[in-house]
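Here are my notes for your first look at this model. Please keep the sequence and the structure open while you go through the points.

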Amino acid sequence: MHEKRVLKFPLSEKVFHNVNLITWIALIVTGVLIYFQLVDEPTSELMMDWHIGIGIVFTINFFGFVFLNFDRFALMMRNLLIWDRDTFAWFKNFGGYPRRLFGIKFGPEEVAPQGRFNAGQKAAYLIFMFMIFGLIVSGWLLYAYPAAMGKIFVKWMFYFHVWGSILTSLLAFCVHMPLAVINVEDLKAMFRIGAGDVPLDDAHHHAPKWVENDLMAVDAAKPAH
């Protein structure tokens, strides 16, 4: 008997996420090598060419997801922008992760029920979406129109582009990725070839409000397998 599964990551979200992941890593590596002068001048110029070329793919990936899959983008943003009582209650024990990972008895044992994204994911993903858009805009303005902007504006935009990308990368590599590895079913759903589905029991455990408020409405019309 097959376990019941529900779709968590449609193909459009998987493509956007995984292309964004690969290009982000390539951009941060080339950007850091250039900014901190870790390579010689000819290599730095080559890295800048790669940085710009990868930036084109990064830009197309973001706007392609937004405009070609606007319904998914709108639904994702709706899920990220719903901050109810249970969302704020998640911070009382940070989803139980301090207790679960380090044995630290922080806050209540019971975790407030969450939707498709928990409170920590909502905060992190909103920062990621803001920074993706901000880095695209600042990057292309610095590349195409530096002379049209004042020196002070260019200076602060450059700092935003460099240090904003570094700080966001630290958030992604030090917090988002380790927690993603812990949530094994989500990790497999995002990176496996094929359907981005997860067991219904796992969805019940991690995102009960998502199952109760969204998925059951779908199940009433069409059973999910």
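**Notes on the predicted model**

1. Start with Gln37, which is exposed, its relative accessible area being 67%. This residue sits in the loop between helix 1 and helix 2. Keep in mind that the model is a predicted one.

2. Phe94 also calls for a check of its backbone: phi is near 50°, a positive value, and the residue is not glycine. Phe94 belongs to the loop between helix 4 (85-89) and helix 5 (97-102). It counts as partly exposed because its relative accessibility is 37%, and the range for that class lies between 20% and 50%.

3. Which residues have the most contacts inside the largest nonpolar core? They are Phe62, Phe73, Met76, Met129 and Ile132, in a core of 25 residues. Two or more residues each come from helix 1 (11-35), helix 2 (41-68), helix 3 (70-81), helix 6 (119-144) and helix 7. Helix 6 is the main contributor to this core, with eight residues. As a general point, nonpolar side chains tend to be buried together in soluble globular proteins.

4. Take Met76 as one example of the contacts. With neighbours within four places in sequence left aside, Met76 is in contact with Phe65, Phe117 and Met129. Apart from the core of point 3 lies another core, of 11 residues, including Phe9, Val198, Ala203 and Leu215.

5. Asn18 is found in helix 1. Is this residue buried or exposed? Asn18 is buried, because its relative accessible area is 18% and the cut-off for buried is under 20%. Not counting residues up to four places away in sequence, Asn18 touches Met190 and Phe191.

6. Now turn to the surface. Phe36, Leu38, Ile152, Trp156, Phe158, Tyr159 and Trp163 make a nonpolar surface patch of about 750 Å². One of these residues, Trp156, lies in helix 7 (residues 151-182). Trp156 counts as exposed because its relative accessibility is 57%, and exposed residues are those over 50%.

7. How many aromatic pairs does the structure hold? There are 24 aromatic pairs. One of them joins Tyr35 and Phe158, with 5.9 Å from centre to centre and 50° between the planes, and this pair is tilted. Tyr35 lies in helix 1 and Phe158 in helix 7, so the pair ties together parts that are 123 residues apart in sequence. Tyr35 is partly exposed, with a relative accessible area of 28%. Phe158 is partly exposed too, at 35%, and this residue also belongs to the patch of point 6.

8. Why is the pair of Trp83 and Phe91 called stacked? The ring centres are 6.3 Å apart and the planes meet at 10°, so the pair counts as stacked, the limit for that class being under 30 degrees. Trp83 is partly exposed, with a relative accessible area of 28%. For Phe91, also partly exposed, the value is 31%.

9. Lastly, look at the aromatic cluster formed by Phe16, Phe62, Phe63, Phe65, Phe67, Phe70, Phe73 and Phe133. Phe62 and Phe73 were named in point 3 among the residues with the most contacts inside the largest nonpolar core. Phe65 came up in point 4, as a contact of Met76.

Conventions. Residues are numbered from 1 along each chain as its sequence is written. This is a predicted model: local features need pLDDT of at least 70, side-chain atom pairs count only at pLDDT 80 or more; totals for chains, interfaces and linings use all residues. Side-chain values use heavy atoms; hydrogens and water are left out. Patches are made of residues with over 30% relative accessible area and no salt bridge: like charges are joined within 9 Å, nonpolar side chains (Val, Leu, Ile, Met, Phe, Trp, Tyr) within 5 Å. Accessible areas come from the Shrake-Rupley method with a 1.4 Å probe; for residues, only the protein chains shown count as cover. A salt bridge is a side-chain nitrogen of Lys or Arg within 4 Å of a carboxyl oxygen of Asp or Glu. Helices (H or I, at least four residues) and strands (E, at least two) are DSSP runs, numbered from the N terminus. Buried means under 20% relative accessible area, exposed over 50%, partly exposed in between (1.4 Å probe, protein chains only). A nonpolar core is a set of buried Ala, Val, Leu, Ile, Met, Phe, Trp, Tyr and Cys residues joined through side-chain atoms within 4.5 Å. Contact means heavy atoms within 4.5 Å. Rings of Phe, Tyr and Trp (its six-membered ring) pair if their centres lie within 6.5 Å; planes under 30 degrees apart count as stacked, over 60 as edge-to-face and the rest as tilted.
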